[in-house]
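Please keep the sequence and the structure in view while reading.

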Amino acid sequence: MRKKDFSTLGRKLLDRLHGYHVKGALILAEPTGPILRGIAFDGSSHSKTSFYMHVFFQPLCVPAEHIHFTFGFRITDTAGMDGWESARPNLLADISKSLSKQALPFLQKVVTLDGAAETLDAMRSNNTQVKEASAFCRILTGDTAMALKQLEKITGFNREIEWQDQQASRIEWMIQMLRADPEAAKHQLLTWQTETASTLGVTR
């Protein structure tokens with residue numbers, strides 16, 4: 001399926017989703033606020049009529065050039081299958097049922113920075129992106145002591161890989177700011193939040 005097909009499908013689902021809008025292959029919660037939340041359609045490389053759906057959130061205070069699904073999961077049907085077929089009978093009704101049971105409750109948990117941090121912590125992941133995002137959210141909520149502890153424990157970077165080197169440098173800088181001036185650290189995150197929203201085109 002193509003992006004315009006996903007847009008059409010997304011608009012049909014809006015009748016069942018209040019407080020969302022369609023942006024290409026995305027259904028995004030509004031207003032965006034500090035946390036980007038939504039549902040994404042993703043085509044299959046094996047079939048032109050098959051697709052997947054992801055529910056995700058992304059704290060905008062973490063610099064990013066692309067929307068990613070690191071903080072989320074694939075939406076399954078009632079049989080537990082994560083692949084969807086465009087010609088499936090009762091497609092809209094089946095998707096709506098899965099969104100109501102899986103996506104919407106998940107997205108409701110991460111409306112706030114506190115909720116996002118708690119959800120990230122509950123993942124119990126060794127992923128450095130998960131740990132960084134949780135700490136950054138806590139800085140913005142004012143829990144700078146906990147955030148500093150979290151950031152100081154993040155290790156395992158391969159500095160020869162560009163994105164990991166950038167992340168490590170960003171975390172080191174944030175640690176220095178938290179120790180010297182927590183308000184400056186918060187201001188920096190708010191600046192990144194505005195810049196990331198603009199870069200991703202989600203300033204609505």
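Two strands pair if DSSP finds at least two bridges between them. Helices (H or I, at least four residues) and strands (E, at least two) are DSSP runs, numbered from the N terminus. The model is predicted: local features need pLDDT of at least 70, side-chain atom pairs count only at pLDDT 80 or more, and totals for chains, interfaces and linings use all residues. Residues are numbered from 1 along each chain as its sequence is written, and side-chain values use heavy atoms, with hydrogens and water left out.

**Confidence**

- The mean pLDDT (the predictor's confidence in each residue, from 0 to 100) of the protein is 94, and 99% of its residues reach 70 or more.
- Confidence is lowest in helix α1 (residues 3-13), with a mean of 91, and highest in α4, with 98.

**Strand β4 and its partners**

- β3 (residues 35-43) and β4 run antiparallel and are joined by nine bridges.
- These two strands, β3 and β4, form a hairpin with six residues between them.
- Within the protein, A40 stands opposite H54 in β4, while the bridge partner of H54 in β5 is R74.
- β5 (residues 72-74) is joined to β4 by three bridges, and the two run antiparallel.
- β6 (residues 84-85) is also antiparallel to β4, with two bridges between them; here F51 stands opposite W84.
- Ten of the ten residues of β4 are buried, where buried means under 20% relative accessible area, exposed over 50%, and partly exposed in between (1.4 Å probe, protein chains only).
- In a regular strand the side chains alternate between the two faces of the sheet.
- In β4, S50, Y52, H54, F56 and Q58 point one way, and F51, M53, V55, F57 and P59 point the other way.

**The largest pocket**

- Rolling a probe the size of a water molecule over the atoms shows where empty space is left.
- On a 1 Å grid over the protein atoms alone, a pocket is an open set of points where a 1.4 Å probe fits, with protein on both sides within 12 Å along at least five of seven lines; lining residues have an atom within 4 Å of a point.
- Of its 19 lining residues, V62, P63, A64, E65 and R170 are the closest to the centre.
- Two or more lining residues come from each of β4 (50-59), α4 (128-141), α6 (162-180) and α7 (182-200); the largest share, four residues, belongs to α6.
- By class, this lining has seven nonpolar, eight polar and four charged residues; Ala, Val, Leu, Ile, Met, Phe, Trp, Tyr, Cys and Pro count as nonpolar, Asp, Glu, Lys and Arg as charged, and the others, Gly among them, as polar.

**The second largest pocket**

- The second largest pocket has a volume of about 250 Å³.
- Its lining includes L120, D121, S134 and Q150, and α3 (113-122), α4 and α5 (144-152) each supply at least two of the residues.
- The lining of the second largest pocket has four nonpolar, three polar and five charged residues.

**Two buried side chains**

- Q150 lies in helix α5 and is buried, because its relative accessible area is 17%.
- The side chain of Q150 makes a polar contact of 3.1 Å with the side chain of S134; a polar contact is a pair of N or O atoms within 3.5 Å, and within protein one must be able to donate a hydrogen and the other to accept it, while residues adjacent in sequence count only if both atoms are side-chain atoms.
- H21, in strand β1 (residues 20-23), is buried at a relative accessible area of 9%, and its side chain has a polar contact of 3.0 Å with that of E30.

How values were computed
Points joined across faces, edges and corners; volume = space filled by probe spheres on them.
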